[in-house]
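Colleague: I have a model open and would like to go through it with you. Where shall we begin?

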Amino acid sequence: MSTGPGADSAPAPTSTHESTAGGTFSSLKIRNYRLFATGAVISNTGTWMSRITQDWLVLSLTGSATAVGITTALQFLPMLVFGLYGGVIADRLPKRQILLVSQALLGLCGIALAVLTLTGVVEVWHVYLVAFLLGMVTVVDNPARQSFVSEMVGPAQLRNAVSLNSANFQSARLIGPAVAGVLITTVGSGWAFLLNGLSFLAPLVGLLMMRTNELHASVTVPRAKGQLREGLRYVRGRPELVWPIVLVGFVGTFGFNFPIWLTAFADEIFDGGAGMYSFFNILMAAGSLAGALLSARRRSSRLRMLVLAGTAFGLLEIAASLSPSVWLFSLLLVPIGMLGLTTNITANTSVQMAADPEMRGRVMSLYMMVFAGGTPVGAPIVGWISDTYGARVGFAAGGAISVIAALCVGFALARVGGLRLKVDLRPGRPHVRFVPREQLATAA
């Protein structure tokens with residue numbers, strides 16, 4: 001990883017490489033991962049159906065973007081409060097066993113919301129409660145699932161598998177909203193929730209069919225006092241972990257509140273309905289899928305890519321917020337999705353590769369805590385801004401914060417890596433790039 005062009009010779013905090021052999025879909029040659037990916041695409045499709053339906057149901061019940069923000073916040077609040085404890089559990093217990101329990105519980109939550117909706121008794125507080133329960137299960141499911149990938153594929157294929165996981169998720173995001181839009185307008189929201197609950201049978205079957213003797217050796221940490229503090233100290237002392245986590249924290253908290261913005265733009269700015277909201281999500285998913293597949297082809301994780309993608313992501317959000325027409329807004333959603341996924345995948349892979357196996361669960365729980373757990377902080381704020389000053393201002397604010405965070409992290413990483421910004425106006429030379437301090441001294 002490096003922080004800018006010409007920075008490959010920087011010290012360890014800014015450069016890590018790992019090879020990925022076999023092309024874009026190389027991880028799928030591994031049977032256990034193939035089972036995992038097949039189950040995931042089915043459950044992810046159900047999850048996206050449920051998310052779109054949930055947001056639209058809350059908006060229909062309340063007419064408020066703030067209420068949508070509260071629902072999103074409640075789903076991610078447990079990650080913010082208990083996320084680090086989930087990482088401790090993931091490091092202590094076999095991750096496959098954790099996932100068997102957590103995936104079953106996620107399915108039951110979907111079925112519960114389906115029953116409430118189909119019987120006609122659903123109220124907004126029911127949606128709030130189910131969202132919170134989903135968040136509680138995710139506290140343990142997320143770090144276990146993230147760190148289980150390395151057990152299925154090993155370090156050589158980790159980047160490829162992480163990228164394909166994201167491609168899997170975004171493929172489902174293309175299908176789920178489209179199906180949700182059809183179900184909402186034809187048979188009602190309850191059936192979308194029911195299909196989501198049943199979709200979790202697929203990952204459960206996949207986990208049960210895995211050949212455990214083909215899994216890479218896992219490291220489980222015996223129960224002991226101070227393991228949470230140990231994980232925090234471990235991350236704090238390693239800049240290659242701290243700064244990517246800081247950046248995804250700001251981007252996740254303020255730049256990824258799309259349920260709020262897209263519902264508001266579809267309903268208020270462009271006078272559309274559930275179909276337009278689904279269309280917006282499909283466009284973002286298409287861009288995200290492209291970003292994930294491009295990341296799967298990349299042979300290394302570079303922090304300069306993280307910084308550049310984060311900066312461009314925020315700038316495009318600002319541009320989208322100013323779009324005068326629905327077609328320009330729609331067009332910008334594709335690269336926004338692509339750059340958002342590139343930022344997330346680069347940070348995720350960099351952090352996983354830099355973390356020791358016995359600490360990976362705790363490190364990834366911290367990563368997910370600041371990325372997803374920041375939503376309870378950002379979503380109500382962004383929802384309030386959108387309600388008070390308009391969706392355009394809310395969207396632009398999220399983009400501006402993402403840009404500032406990416407630039408600050410970029411300069412912090414450059415400083416850690418002993419890099420300086422060099423401006424060269426000679427023809428045929430890179431005009432602006434990061435170079436080692438020693439190179440600047442020699443040139444002087």
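Colleague: Are Trp56 and Tyr277 buried or exposed?

Modeller: Trp56 is buried, and Tyr277 is buried as well. Buried means under 20% relative accessible area, exposed over 50%, and partly exposed in between, with a 1.4 Å probe and protein chains only. Please note that this is a predicted model, in which local features need pLDDT of at least 70, side-chain atom pairs count only at pLDDT 80 or more, and totals for chains, interfaces and linings use all residues. Residues are numbered from 1 along each chain as its sequence is written, and side-chain values use heavy atoms, with hydrogens and water left out.

Colleague: Which aromatic pair involves Phe280, and of what kind is it?

Modeller: Phe280 pairs with Phe329; the ring centres are 5.1 Å apart and the planes stand at 65°, so the pair is edge-to-face. The rule pairs rings of Phe, Tyr and Trp (its six-membered ring) if their centres lie within 6.5 Å; planes under 30 degrees apart are stacked, over 60 edge-to-face, and the rest tilted.

Colleague: Which helices does that pair tie together?

Modeller: Phe280 belongs to helix α11 (residues 274-297) and Phe329 to helix α13 (residues 326-354), so the pair ties together parts that are 49 residues apart in sequence. Helices here are DSSP runs (H or I, at least four residues), and strands are runs of E of at least two, numbered from the N terminus. Phe280 is buried, at a relative accessible area of 0%, and Phe329 is likewise buried at 0%.

Colleague: How many aromatic pairs are counted?

Modeller: The count comes to 18 aromatic pairs. One of them is Trp56 with Tyr277, which is stacked at 6.0 Å centre to centre with 20° between the planes. Trp56 lies in helix α1 and Tyr277 in helix α11, so this pair ties together parts that are 221 residues apart in sequence. There is also one aromatic cluster, whose members include Phe256, Trp261, Phe280, Phe329 and Phe395.

Colleague: What is the volume of the second largest cavity, and which residues line it?

Modeller: Its volume is about 40 Å³. Among the lining residues are Ser50, Cys109, Leu113, Phe193 and Asn196. The elements giving two or more residues to this lining are α1 (31-62), α3, α4 (124-153) and α6 (189-199), and the largest share, three residues, comes from α3.

Colleague: What about helix α3 itself, how many residues does it have?

Modeller: Helix α3 (residues 95-118) has 24 residues, and its span of 35 Å from first C-alpha to last is close to the 34 Å expected at 1.5 Å a residue. The expected span is 1.5 Å times one less than the number of residues. Just after α3, Gly120 takes a positive phi of about 80°.

Colleague: And where does Leu204 lie?

Modeller: Leu204 lies in helix α7 (residues 201-209) and counts as buried at 18% relative accessibility. Its C-alpha is separated by 8.2 Å from that of Leu99, 105 residues apart along the chain.

Conventions
1 Å grid on protein atoms, 1.4 Å probe; cavity = no way out; pocket = protein on both sides within 12 Å on 5 of 7 lines; lining within 4 Å. Points joined across faces, edges and corners; volume = space filled by probe spheres on them.
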